[in-house]
Amino acid sequence: MSNGSTFPPRRRFGGTLVVVLAALLAACAAGWLIWRSTSGHGGDRPPKALPAASPSSPGGPPGKGGTGGTGAGDDGGRPTPGDPDDKGDRPGPGGHTGTRLKGRTVLLDPGHNPANRDHTREIARQVDVGNGRKECDTTGTSTNDGYAEASFTLDVARRARTLLRAEGAKVVFTQDGDRPYGPCVDERARAGNEAKADAAVSVHADGAGAGNRGFHVILPARVTAGAADTSAIVGPSRRLGEHLAGRFVAATGSAPANYLGGGTGLVVRSDLGGLNLSGIPKVFLECGNMRDAKDAAQLTDPQWREKAARGIAEGITGFLTE
Ligand code: ZN
């Protein structure tokens with residue numbers, strides 16, 4: 001799909017601006033429709049590009065494939081290019097300032113921690129993730145210019161929190177830049193369980209090679225090992241992921257990843273403690289690839305991050321109101 005990285009368009013293009021912008025929006029809409037047609041909203045499950053390494057992950061959860069209609073059909077909250085960066089009390093997802101999420105709890109998990117780099121020994125500690133052991137946490141990646149993934153995840157999660165609160169949700173963070181490091185991945189999972197959250201999203205950005213572009217949502221595989229049992233969350237987490245992917249496309253104009261997921265923007269994994277140990281619907285969102293210059297131009301743009309946050313908030317809202 002065309003690159004959303006041309007937002008905001010430069011004024012010097014003058015008269016061609018409108019034409020370029022119209023073409024860009026048309027391309028984004030087309031990409032979104034293509035994504036919709038292949039993503040399972042109509043009932044077909046998207047193919048899994050990354051088979052779970054663990055015993056299970058059968059072809060699909062028992063769900064009915066998502067209602068589709070709630071999620072992505074309307075265009076109410078679509079941002080316009082060049083939206084001012086506004087972290088204040090803007091209307092919530094869908095243009096409402098309301099109560100659609102009143103009584104609901106959302107866990108947002110900003111991936112990594114900006115201070116992890118100063119605590120490499122502590123975060124290297126191994127923790128039990130059910131089907132194995134993993135590092136407590138990692139430092140995350142960064143753009144080639146040094147913008148840290150951990151800074152990105154905190155910023156986007158905070159923006160999404162503002163939007164979700166505007167819909168009446170209670171929003172819980174695993175960390176808010178208020179800890180020396182971590183928390184560990186098992187604690188991140190437990191935070192959602194203990195909050196009895198209705199949905200959880202772990203916010204990340206990837207560190208793949210240049211030329212690899214786009215976002216993807218990571219869904220929990222069916223894992224039953226040790227302390228892990230994702231049986232009950234595989235189905236609802238997929239629906240959460242589908243809502244999230246559809247809304248992320250619409251809000252940001254980004255395309256599903258071109259390097260994994262088979263173009264669906266959805267990937268299943270069994271090796272992430274944050275998913276294995278979750279008892280509530282949870283997904284990871286890799287918003288883009290920090291090591292690709294075009295993706296990095298978006299990830300470092302506050303206006304794009306606001307759009308990303310809106311996609312996240314609308315995806316969660318779609319899932320919780322389907
Ligand atoms: Zn990450």
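Predicted model: local features only at pLDDT ≥ 70, side-chain atom pairs only at ≥ 80, totals over all residues.
Residues are numbered from 1 along each chain as its sequence is written, and side-chain values rest on heavy atoms, with hydrogens and water left out.

The side chain of Asp-176 meets that of Arg-158 in a salt bridge of 2.8 Å, N to O, a salt bridge being a side-chain nitrogen of Lys or Arg within 4 Å of a carboxyl oxygen of Asp or Glu. The two residues are 18 apart in the chain, Asp-176 in the loop between strand S4 (170-173) and H4, and Arg-158 in helix H3 (residues 149-166). Helices (H or I, at least four residues) and strands (E, at least two) are DSSP runs numbered from the N terminus. Arg-158 is likewise partly exposed, at 35%.

A further salt bridge joins Glu-314 and Arg-247 at 3.4 Å, N to O. Glu-314 belongs to helix H8 (residues 302-320) and Arg-247 to helix H5 (residues 234-252), so this pair ties together parts 67 residues apart in sequence. Both Glu-314 and Arg-247 are buried. Through shared partners, salt bridges also connect Asp-109, Asp-137, Arg-188 and Lys-282 into one network. The count of salt bridges under this rule is 18.

The zinc ion is coordinated at 2.0 to 2.1 Å by His-112 (NE2), Glu-149 (OE) and His-204 (ND1). Donors are N, O and S atoms within 2.8 Å of the metal (3.2 Å for Na, K and Ca); water is not among the atoms, so sites may look incomplete. His-112 occupies the loop between strand S1 (105-110) and helix H2 (120-123), and His-204 lies in strand S5 (residues 199-206), so the pair ties together parts 92 residues apart in sequence. Both His-112 and His-204 are buried.

In helix H4 (residues 185-194), the buried residues are Val-185, Asp-186, Arg-188, Ala-189 and Gly-192. These residues span an arc of only 165 degrees around the axis, which places them on the same side of H4; the arc is that of the directions from the helix axis to the C-beta atoms. H4 is followed by Lys-196, whose phi is positive, near 50 degrees.

Definitions and conventions: Buried < 20%, exposed > 50% of the residue type's maximum accessible area, 1.4 Å probe, protein only.
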